[in-house]
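I am going to walk through its fold and jot down what I look up.

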Amino acid sequence: MPIHNADIAAIFEEIADLLEIQGANPFRVRAYRNAARTVGEFGRDLAALLARGQALPKIPGIGPDLARKIHEIASTGKSSFLERLHKELPETITELLHIPGLGPKKVKALYDQLKVDSLADLRAAAEAGRIRELPGFGEKTERHILEALAVRTDTARRFKRPVAAQYAEALAAALRAVPGVTRVEIAGSYRRCRETVGDIDLLVTAPDSAPVMARFTGYDEVAEVLSQGDTRASVVLRCGLQVDLRVVPESSYGAALAYFTGSKAHNITLRKRAQARGLKLNEYGVFRGETSIAGATEESVYAALGLPWIPPELREDRGEVEWAERGPLPTLITRADLRGDLHCHTKASDGANTLREMAEAARSRGLEYLAITEHSQRLRMVHGLDSARLLKQMDEIDRLNAELSGIVLFKGIEVDILEDGRLDLPDEVLGRLDLVIGAVHSQFDLPPAKQTARLLKAMDHPHFTILAHPTTRELDKRPPLEADWLRIIRHARERGCYLELDSQPDRLDLLDTWCRVAKEEGVLVAINSDAHSVHDFDDLVWGIGQARRGWLTREDVLNTRPLAELRPMLARTM
DNA sequence: GCCGTTTTCGGCCCGACTGTTTTCAGTCG
């Protein structure tokens, strides 16, 4: 079984959990957690790299000991250190940490004094009223544990950003209407454009927090108030989304916005930097001793630390601070940079609108060109096109192009990549198109070597232009294909192909970390809507967010090119 | 466990809220 970076990360997380319950040095615990995060996000498959006999790259936070453990996990899939920990503490005990209100100390107390080591034990102990009798626990804690166990199936739920947006924007609007409120910002992972968000962080500036708190906790979608103080409160909405509110004075707005935008790892890097300069950074500002020297704007906070303002999408502690210090950060792509869209469907396959309707909708959204790319014959369920129907549609497109102004249609196809890497339509037909985007819609679980070979072979095809939704992942539904993505990206460069970033909120595929690798490897990304109706062109903004998280600029994206420049780029030269 | 134009040892981000206490530890973000 191949070992992924995520598997190594999961082992480090579990070690951190167990050490924490044992009361180990908190900084040692943190070292494992940091390592889990860095390894989990690392752009190269470490196990594959080691298997090829290459040296482990220098990764910040990975010293000699953790490097040794990575080697062990990569080659055996296991960690002997973790197995030793399992002899000291039951494997199931880490489940308890996922109950809100239970941290390592309380879990340790439950285990030592009541022999509780699983969620089932926890429920039994709580129902028997034994938890309230422990020192440091009480009736409320016991009740909260029972409540958390009852809703546990929902607690891990994350919301897709467009879904969270609907709830968050409405609540933000309600708070903006409170007298005295000057600003309401949605911060957190939402502002960083994460594809999903676990909760919503709202930041409000107002001279008096009381009316804001009252409006917030009294908002009619609130199902439960989790906590409430003078400056901070948390609620759960009926839909299950948790919202945290913080009210700060105007003078702290920038510092608070930075603080609540995160990420946590980015904040820690900033604070260390402040400390190294004899300063202190918190949500109220940047301080020298007792004196505030910045805080009203985010720009002032970064400037006080000797940095330019860093876009929220980059704040993941993936090197953005060091980069900002050395020179200018990339000017990230915006929606306005897109000149066209290279992937959409019409009624001919599984779309909802006609060719003309799609063309006019694209034009009305400021696009100059649009590629029509129906499914191919193999996908019978969605009326995939065979050669005859595709040729007929090409004639239609010619006629429409002669008639329409302000938008140019490209003749394309979203051709199925078959299991062996062949394409689902004959060469002579594909050769008559302006572009061929290829996609995997079946056989998602081939062994990684076969899956890789399949994609490489597809790109070898002389007419292949763009690999659509490359990893085929769907949020909450299907994991990414297992394949050697670095090799695939490099193959795309060698073959003169491009990778798509599909903007559908369920897909957002290519993933942000691979966007960054594509950029580093010199492969252009096409940010497409994959529209199945005229409304879906609006989804391009989600793709833009993902691209920004992947550090992409206008230059890194294929469909920012004007029409005349793009045409020759679609023709394969190798 | 990591890391170093402050350091190879001694540091490691910071504050609010809750529940349990009766001045604070634990948890969370």
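My notes below go from the whole chain to the sheets and then to the helix pairs.

**Entry 1: the whole chain**

I start with a reminder to myself that this is a predicted model. I looked up the secondary structure of chain A and found 24 helices and 17 strands. Next I checked the overall dimensions. The C-alpha trace of chain A spans about 80 × 60 × 50 Å along its principal axes. For 574 residues, a compact globule would have a radius of gyration near 25 Å, and chain A, at 26 Å, agrees with that.

How much of chain A is buried? I get 42% of the 574 residues. I also looked at the contacts in chain A between residues at least 6 apart in sequence, and 68% of them join residues at least 24 apart.

**Entry 2: the seven-stranded sheet**

I traced an open sheet of seven strands, and I read its order as β11-β12-β13-β14-β15-β16-β17, with parallel pairing. Which strands stand at the edges? They are β11 (340-341) and β17 (525-528); each has a single partner strand, so one side of each lacks a neighbour in the sheet.

I then moved to β12 and β13, which run parallel and are joined by seven bridges. Across from Phe410 in β13 I find Ala371.

Helix α18 (residues 387-403) lies across β12 (369-375) and β13 (408-416), and I note an angle of about 160° to β13.

Further along the sheet, I looked at strand β14 (residues 435-439) and strand β15 (residues 466-467), which pair in the parallel sense over two bridges. Ile437 has Ile466 in β15 as its bridge partner.

**Entry 3: the five-stranded sheet**

The other sheet I looked up is open, has five strands in the order β2-β4-β7-β6-β5, and is mixed in its pairing. Its edge strands are β2 (183-186) and β5 (222-228), each of which pairs on one side only. I read an average twist of 20° from one strand to the next.

I followed β2 to its partner, strand β4 (residues 199-205): the two run antiparallel and are joined by four bridges. Ile186 has Leu202 in β4 as its bridge partner.

Which strands does helix α10 touch? Helix α10 (residues 161-176) packs on the sheet and touches β2, β4, β6 (232-237) and β7 (242-248), with its direction at about 20° to that of β4. I also found helix α13 (residues 253-261) lying across β2, β4 and β7, running at about 180° to β4.

**Entry 4: helix pairs**

The crossing of α1 and α2 is left-handed. Among the residues that make this contact are Ile8, Phe12, Ile15 and Leu19 of α1 and Val29, Tyr32, Ala36 and Val39 of α2.

Next I looked at helix α20 (residues 448-460) and α21, whose axes come within 10 Å and cross at roughly 10°. I therefore put α20 and α21 down as roughly parallel to each other. Thr452, Leu455, Leu456, Met459 and Asp460 in α20 meet Arg487, Ile488, His491, Ala492 and Arg495 in α21.

My last stop was helix α21 (residues 485-495) with helix α22 (residues 512-521). Their axes come within 10 Å and cross at roughly 40°, which makes α21 oblique to α22. I note the crossing of α21 and α22 as right-handed. On the α21 side I listed Trp485, Leu486, Ile489, Arg490 and Arg493, which meet Trp514, Val517, Ala518 and Glu521 in α22.

Conventions:
Residues are numbered from 1 along each chain as its sequence is written. Chains are lettered from A and ligands numbered from 1 in the order in which they are written. This is a predicted model: local features need pLDDT of at least 70, side-chain atom pairs count only at pLDDT 80 or more; totals for chains, interfaces and linings use all residues. The radius of gyration is taken over C-alpha atoms; the globule rule is 2.2 Å times the number of residues to the power 0.38. A residue is buried if 20 or more other C-beta atoms lie within 10 Å of its own, exposed if 12 or fewer, and partly exposed in between; C-beta atoms are placed from the backbone. Two residues are in contact if their C-beta atoms, placed from the backbone, lie within 7 Å. Two strands pair if DSSP finds at least two bridges between them. Axes are lines fitted to C-alpha atoms, for helices over the stretch in contact, and angles run from 0 to 180 degrees between N-to-C directions. Angles under 35 degrees count as roughly parallel, over 145 as roughly antiparallel, 65 to 115 as roughly perpendicular and the rest as oblique. A crossing is left-handed if the near helix is turned anticlockwise from the far one by less than a right angle, and right-handed if clockwise.
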